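These are my notebook entries on one chain, written down in the order in which I looked things up.

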Amino acid sequence: MSRGSTSEQTLSENKRTFAARADEVACVSVPEGYERWAQTYDQVPNPLLALEKRYLNRILPDLAGKHALDLACGTGRWLTQLLSRGAQAVVGLDLSAAMLRGARDKAPIHRLVLADCLQLPFRASAFDFVLCSFAINHIHSLNVVAQELARTMRPGGQLLICEMHPEAYAQGWRPGFRDTQSAVQIETAGHSAESVISSFQSNTFSCLKVHDLFFGEPERSIFLHTGKGEMFADACRVPAIQVYQFVNTGTAIGS
Ligand SMILES: C[S@@+](CC[C@H](N)C(=O)[O-])C[C@H]1O[C@@H](n2cnc3c(N)ncnc32)[C@H](O)[C@@H]1O
C-alpha cells in the first residue's frame, strides 16, 4: 500500500486503529466526549500521544523565565514538561471540567483555567510560549483562536500546534475511545494544513515550519498492547500527526 492509499481494506483497518467501526460508534459533542473520556484518558496507552511526546521532546524550546500556556491542556500531559523546560509560570486552559480534574491531580501547582479557547480570559501579551495539542480539530473557528492568541501572546512568542495529520483524517482516523456505554467518536472539524496556516497567518503569525510525523518502532508495543498489532505496518505508512511551528510577529503579515 502506498502512503495515503484509500483502498477499502486499509481504510477500514485504519478506522479501527483509533476507534471502532463507524457503524458501532456513537458520535458525541466535545463537552460530552471529554466528560466521558476523562475517566480513562491517561490510562489507556495511545500511540498518537506517544509519537507526539517522542517528537516534541526534541523540538520544545528552552522556556527559561518564560510564561507558557497549554491551550486545551486536557488532563495536563504537558504541564510538568513545560515547567521542566524552565518556564517561570505555566497555565493550563480547557473547556472540560472533567479533563481539568485530571490535570489538577497530576500537577496541583499549576494554574488551571476552565474556559473556551475562543475567549481567552488573559491580558494582552501574557504568554511567551503556547502549546496546543490535539485540540484544533475540535474548533470550527480557527480564525477566532488565532485572534485570541495574537492578542494574548507577546510579539516574538512561539506557538506549537499539534493535530492528527489531514491525510490520516482523510483515511478515517478520528479521536475516539470506548467506555462502559459504547465506542465513542468526538465531533471534529478536520482542518486542512492550508486552512490552519492561513488562519494564523491572517492574524500576525508567521509559519516557521510544518513537521509530518510517522509512527515508528517505539510505537509498535502500544499497537501490540492494545490488540492492534496487525494494523501497525499500514499505520506507519500514513503521516499520523502534523506539527506547526508559528511565531507571533506582532503585526499583521503583509501590512
Ligand atoms: C484530545 S484532548 C487533548 C488534551 C491535551 N492537549 C493532550 O494533548 O493530551 C482535546 C482537549 O481539547 C479541549 N477542547 C476542545 N475544544 C475546546 C475549546 N473550544 N476550548 C478549550 N478547550 C477545548 C477538550 O476539552 C479536550 O480536553
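Entry 1, the whole chain. I took helices (H or I, at least four residues) and strands (E, at least two) as DSSP runs, numbered from the N terminus. On that basis I found ten helices and ten strands in the chain. I noted that this is a predicted model, in which local features need pLDDT of at least 70 and side-chain atom pairs count only at pLDDT 80 or more, while totals for chains, interfaces and linings use all residues. Residues are numbered from 1 along each chain as its sequence is written.

I called a residue buried if 20 or more other C-beta atoms, placed from the backbone, lie within 10 Å of its own, exposed if 12 or fewer, and partly exposed in between. Buried residues make up 40% of the 255 residues in the chain.

In α5, residues 97-106, I listed Met99, Leu100, Gly102 and Ala103 as buried. Seen down the helix axis, they fall within an arc of 150° (taken over the directions from the axis to the C-beta atoms), so they line one face of α5. Among the elements that cover these residues are α2 (30-37), α4 (79-84), β3 (89-94) and β4 (111-114).

I found Lys66 in the loop between α3 and β2 (67-71), and I count Lys66 as buried because it has 20 C-beta neighbours inside 10 Å. Setting aside neighbours within four places in sequence, Lys66 is in contact with Ala87, Gln88, Asp128 and Phe129.

Which way do α3 and α9 run relative to each other? For axes I used lines fitted to C-alpha atoms, for helices over the stretch in contact, with angles from 0 to 180 degrees between N-to-C directions. The axes of α3 (residues 47-59) and α9 (residues 217-225) come within 9 Å and cross at roughly 160°. That makes α3 roughly antiparallel to α9, given that angles under 35 degrees count as roughly parallel, over 145 as roughly antiparallel, 65 to 115 as roughly perpendicular and the rest as oblique. The contact is made by Pro47, Ala50, Leu51 and Arg54 of α3 together with Pro218, Glu219, Ile222 and Phe223 of α9.

Key: Contact = placed C-beta atoms within 7 Å.
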